Amino acid sequence: MELLAQTLGSDAARMILGLIGIIALVSVNALFLIWMERKVSAHMQLRPGPMEVGWHGAIQTIADAVKLMSKELITPAEVDRPVYLLAPIVIFLPVLLSFLVIPFSKTLVIRDMNVGVLLILAFAALSVLAILMAGWASNNKYSVLGAIRSVAQNVAYEIPLLITLMSVILMVGSLSLVDIVAAQERYWFILTQPLAFILYITCATAETNRAPFDLPEAESELVAGFHTEYSGMRFALFFLAEYTNMFIVSAVATVFFLGGWQGPILPGIVWFLIKVYAIIFLLMWFRWTFPRVRFDQLITFAWKILIPLAFANLLLTALILKLR
Amino acid sequence: MLEPGIEEKTYVLNLGPQHPSTHGVLRVELEMEGEFITKAEPDIGYGHRAHEHMAENRNYLQFLPNTARVDYLHALAYNQGYCMAVEKLLGLVVPERGEFIRVITSEMNRLTSHLLWVGAYLMDLGAFTPFLYCFDDREHLLDLLDRITGSRLTYCFYRFGGVPQDIDEEFITGCRDFVKRLRSRWVDYDNLVTKNVIFIHRARDVGLITQEQCIKYGLTGPMVRGSGIPYDIRKSEPYSVYPLFDFEIPIGERGDIMDRYLVRMREMEQSLRIIEQALDKLPNGPIMAEKVPKRIKPPEGEVYTAVETARGEFGCYVVSKGDVKPYRIKLRVPSFGNLCILPEVAVDTLVADLVAILGSMDVVVPEIDR
Amino acid sequence: MINYFKEILVGFWSLLAGMSVTIRYFTRPIVTVQYPREKIRMTPRYRGYPRFILDPETRTHLCIACEMCARICPSQLISLEGVKMPGAKQKIPYKYVHEHYYCSLCGLCVEVCPTSALEYSGEYRLAGYRREDAIFDHLVLLQQRQEAAGLPITPIPTEADLAAAAAAEAAAKKAREEEAKAKAAAKKPEPEGEVKE
């Protein structure tokens, strides 16, 4: 570590080690989340889920990953080759980079930028581009329909996402994630901003394309939506990106509303992970309970209900802060 | 064949024969403008198995397993319709206990069919859990039916003149326990599905079918009852021992998907009532008619019987020329008529709505193609 | 305005009600069975392929090769040939094959047999690698069951037996014809003698 710090400068060393850590975290996280999703869904449906491979199916995901890697990469005949091949990469990289600013504990943050929130939100918007690329390049009407739906959905739900986060940022006065966690020392923001929390979770499920907002990949309507024509490792990348995105939005929810890594007795990172996975459990709970929303109802819901409520919340917060 | 619009504003999409939510091998050709459907044409015939041709080459008893495979979800009602037709030709009278056993098993089969519909329909809409809850309930029913008939899906249980094997005490107690158990589950289904705001928004005021359309297209079953017409063959042209039971016919008001869903849920409750009353009133006695001929050779003539299945009216038209093999058997299936209204209802809807409407019609495609 | 907020609150409450149902089921025990590690017992009337009944008195099958089962099968899956052995009252089958791959488990063969020689086996673990694995030769299966139960095996008539039976039948037929001719010849002189006197 010291040698690396001397040759490259401690900042760059921190970055490199951090990136290695992120890639490790992302892989292990995806492994764990896929197993968790299958087990949670199974027990809600009164069945055991994967039980064969390993203790209660713990290494089932590794078996699935090996299978996906060994599959033939079928490229349909008339796809737009460069766009088709780039789409899985474009969807995966921004999510990786969002990890740079998340504070895992008091000292475990790769780079404490003073525009941390802006970075995360900007990179979240890039996934829209990737979905459009995948849908259009696949030369398949189902994929194009899925991509169009996804673009409208993501754009519509980013606005209330930003506004609810802005209510919290107004209270803290800084865009840096470390400052936001530090401002929750006495009480967590979920107590003072419950409406913002509910709105944020709704927008988070819509941003990650999960049920009840999973129209882009509606299995029973469009076969598989925008990733119909992808097979093997490319499909695995889409999958990985979805689960990592889930981790990112849950991490942001934890930092903004649940006090980040703060908690008694146990070390910071353990509390952080407990809170993140609790919110991920909430997202999975939504998926296995509710039917899918229809497309025009989705957009109506965003523009007529979520945005007015988010604005009202922001105005109320501003008013209370001014009066204090 | 549909062609895209002249100004190229529309495009043709195929809800192809292999699709997770057309229940069976059905192809629907859609002409779409953006996300809205301007024309929808169903294309059938992918599952034609020539049942009516097989009827001309087999004798009456050998054709009985075929009737169960026409609509495999409510197979006992189809068995019943065919047996009733041949019994009318032969002039056989089924004894009371036989009729009671037929009614009990047929109503249990109607319950399995409706439970499967609820599960599959919600899976089309995107909720994956009610499917498994319905199948859990269905398992108990299938175990009960397995005890007396020996099969779980394609039953061949009725014979001309009655039923071949009797029911025992364990079956009766099992039925009563199941009735209690299913009644306690209605609360869960209400909370999870019926009152859910997302489901209400997907189902209210979608797929409206007026009463004139019902009569014009010859729809039967829960489609007609959802639009407000109280037509149920068990009440209008009663057969078997249905007049002895006290049950209602649930009807809807507007004819949208929500009404059809509620009609089917309430029909399940009425089926439970019928089963309870039948178990209470079950008489002792013979289960087969006395003089059933060894070689079934009905006299010359033709007969049409109609029964009420889970999907609508199943009609069996048998023409006999005095031979051991029937001259012609025509099976009038409810799903064929029910599907005909799809082109009218599907105009100006979204693809998601089309899937919802197709699901609410409860179409079993193999019975359309026979 | 009030309606707007009321709708939102009612909708939100219905979502919470649905979530409460799923979380209650999450904590319940599972209802599935881990087949093939745990097996379920089939009901007694479950069908499976039809097979010969091992009669406890005669300790063999009861089939008289009348071919009613072969004629009633809707899919014509039973092929059966019988022979009358010399000295026996009824025919016995020397070939009884049931092709199970198209069987619709209707049960008509079991019901129509005049001697009630068939029963359901209740066997559902029928997996094989070839189409021939689904063809059951019931005489051979009966021998296997008799061996397993320690009973004497019913022999299947061989070619030599069949030839001997055919020869014996032909000889018996010839003997009957000779007897009938002798009887007719013995009867003939009598009436002439009557008339003469």
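Guide: Domain bounds come from an automatic or database domain assignment. For chain A that assignment gives domain 1 (1-70) and domain 2 (75-323), and the C-alpha centres of domain 1 of chain A and domain 2 of chain A are 19 Å apart. The model is predicted: local features need pLDDT of at least 70 and side-chain atom pairs count only at pLDDT 80 or more, while totals for chains, interfaces and linings use all residues. Residues are numbered from 1 along each chain as its sequence is written, and chains are lettered from A and ligands numbered from 1 in the order in which they are written.

Visitor: What makes residues of domain 1 of chain A count as in contact with domain 2 of chain A?

Guide: Two residues are in contact if their C-beta atoms, placed from the backbone, lie within 7 Å. By that criterion, 16 residues of domain 1 of chain A are in contact with 16 residues of domain 2 of chain A. On the domain 1 side, helix 2 (10-44) and helix 3 (60-69) of chain A give two or more residues, and helix 2 of chain A gives the most, with 13 residues. Helices here are DSSP runs (H or I, at least four residues), numbered from the N terminus.

Visitor: Why is helix 4 of chain A called roughly antiparallel to helix 5 of chain A?

Guide: Angles run from 0 to 180 degrees between N-to-C directions, with axes fitted to C-alpha atoms over the stretch in contact. Helix 4 (residues 81-97) and helix 5 (residues 116-137) of chain A pack at about 165°, with their axes 8 Å apart. Helix 4 of chain A is therefore roughly antiparallel to helix 5 of chain A, as angles over 145 degrees count as such.

Visitor: How is the contact of helix 4 of chain A with helix 5 of chain A divided by class?

Guide: It has 17 nonpolar residues, one polar and no charged. Ala, Val, Leu, Ile, Met, Phe, Trp, Tyr, Cys and Pro count as nonpolar, Asp, Glu, Lys and Arg as charged, and the others, Gly among them, as polar. Among the residues that meet are A:Val83 and A:Leu86 in helix 4 of chain A, and A:Phe123 and A:Ser127 in helix 5 of chain A.

Visitor: Which residue classes make up the side of chain B that touches chain C?

Guide: The contact takes 20 residues from chain B and 20 residues from chain C. Helix 5 of chain B gives the most to the chain B side, with five residues. That side has eight nonpolar, six polar and six charged residues.

Key: Parallel < 35°, antiparallel > 145°, perpendicular 65-115°, else oblique.
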